[in-house]
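Hello,

Here is the structure for you to look over. My notes follow below it.

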Amino acid sequence: MGFCSAACCKLSRRVKYLFLLLLPLSVLAWICLFSGGSVKSFTVFSAATQALIKKENTQDLANLGTSVAVRLMTPTPRTECPKKSPLLQGAVKLNFEPSLKVKDVEGENKRVVEGRYQPLSCTARQSVAILIPHRNRERHLLYLLHHLHPFLQRQQLHYAVYVIQQAGDATFNRAKLLNVGYLEALKDYTWDCFIFHDVDLVPENDRNLYVCDSQPKHLVVGRNATGYKLHYKGYFGGVSAMSREQFGKVNGFANTYWGWGGEDDDLRIRVELQKMKIVRPPADIARYTMVFHKRDSGNEVNKDRMKLLRRTPLVWKKDGLNSCKYQILSVERLPLYINVTVDLGKP
Ligand code: UD2
Ligand code: MN
């Protein structure tokens, strides 16, 4: 037996199937590239393929083959979407039906695949990752997804929704969850922009654009609970937008705020230390409804927050994205969002 055939014999049946599947896939990918398909979608495709090869998951490869074939039959978007989407409606009526089910929201959003969407008719101007810190707020999450998916689609964005779940019952840490969301989302795609989004805040007006500007943006000027007035001058909580670069530059959120409060002010201090300025959309647009809730158990007021805020200028360089230690327990690609469950450790 020659060297090659001896080696081939050693290949498991699984690897052979993998090879047979990969061959037509790579042909498809080349056709895609040379027929003028967007380079970006090819890159996404090959990154996804490599990830799957690593896992040797033949079923997923078969699925990927189908989705590539579907994409090849779909005309490639060539023109950039207009600055102002023609689909915007302005103020929309929100509803919070107690009978709403996950299946209803999935049915309303058939073009959202694994929490991700991109417009068909044009190339989105920005790719945006929505990061939602979460634990035990399933109803709020469903109401938010119900409104947010159509809202983002009307804005003609390429986006994905990530829900970052804190596992266990240690004290809640919103800021660290959002750091994890940023780091994990970047493993999927090089997102331009990140929206840090409370689960209970539903935007009322789709002219409140979920895109990043040249400066960090605070999207909640007013909400029902505060008579739609800005809470206080330096307020940066609730929903905010920072580009990949802006968030990297401030080393993300601090990891050290356990429990309620302070982490949003800490981020504002980081932004100001970098000589950036927080911008806000007009008050009549940046309006939210906060679903009523009580303080959760496990998220008691952080009594140390004032002390922590005083040391931010001294510690921001070593407390943040570059020191964020965590353990991912699972990443589930559900129809409406990517569900990242993480063990953050304890205070
Ligand atoms: C305010 C800020 C929020 C954050 C917080 C202090 C507004 C509108 N929001 O929210 O951005 O700065 O104060 O930490 O001003 N969560 C869970 N499960 C829990 C606890 C919290 O999912 O058990 C998540 C959820 O996304 C929630 C967010 O953390 O929306 C903030 O917690 P909150 O809603 O209890 O605090 P709130 O409304 O005072
Ligand atoms: Mn809240």
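The manganese ion (ligand 2) is coordinated by D200 (OD) and H293 (NE2), at 2.2 to 2.3 Å. Donors here are N, O and S atoms within 2.8 Å of the metal (3.2 Å for Na, K and Ca); water is not among the atoms, so sites may look incomplete. The pair links distant parts of the chain, 93 residues apart. D200 sits in the loop between β4 (193-197) and β5 (201-203), and H293 in the loop between β9 (287-290) and α10 (305-315). Helices (H or I, at least four residues) and strands (E, at least two) are DSSP runs, numbered from the N terminus.

D200 is buried, with a relative accessible area of 4%. H293 is partly exposed at 25%. Buried means under 20%, exposed over 50%, partly exposed in between (1.4 Å probe, protein chains only).

This is a predicted model: local features need pLDDT of at least 70, side-chain atom pairs pLDDT 80 or more, while totals for chains, interfaces and linings use all residues. Residues are numbered from 1 along each chain as written, chains are lettered from A and ligands numbered from 1 in written order, and side-chain values use heavy atoms, without hydrogens or water.

Now ligand 1. There are 22 residues around it (a heavy atom within 4 Å). P133, Y235, G238, W260 and E263 come nearest.

- Y235: polar side-chain atom, 2.4 Å from an oxygen atom of ligand 1.
- G238: backbone N or O atom, 2.7 Å from an oxygen atom of ligand 1.
- D198: polar side-chain atom, 2.9 Å from a nitrogen atom of ligand 1.

Best wishes

Note on methods. A polar contact is a pair of N or O atoms within 3.5 Å; within protein, one must be able to donate a hydrogen and the other to accept it, and residues adjacent in sequence count only if both atoms are side-chain atoms.
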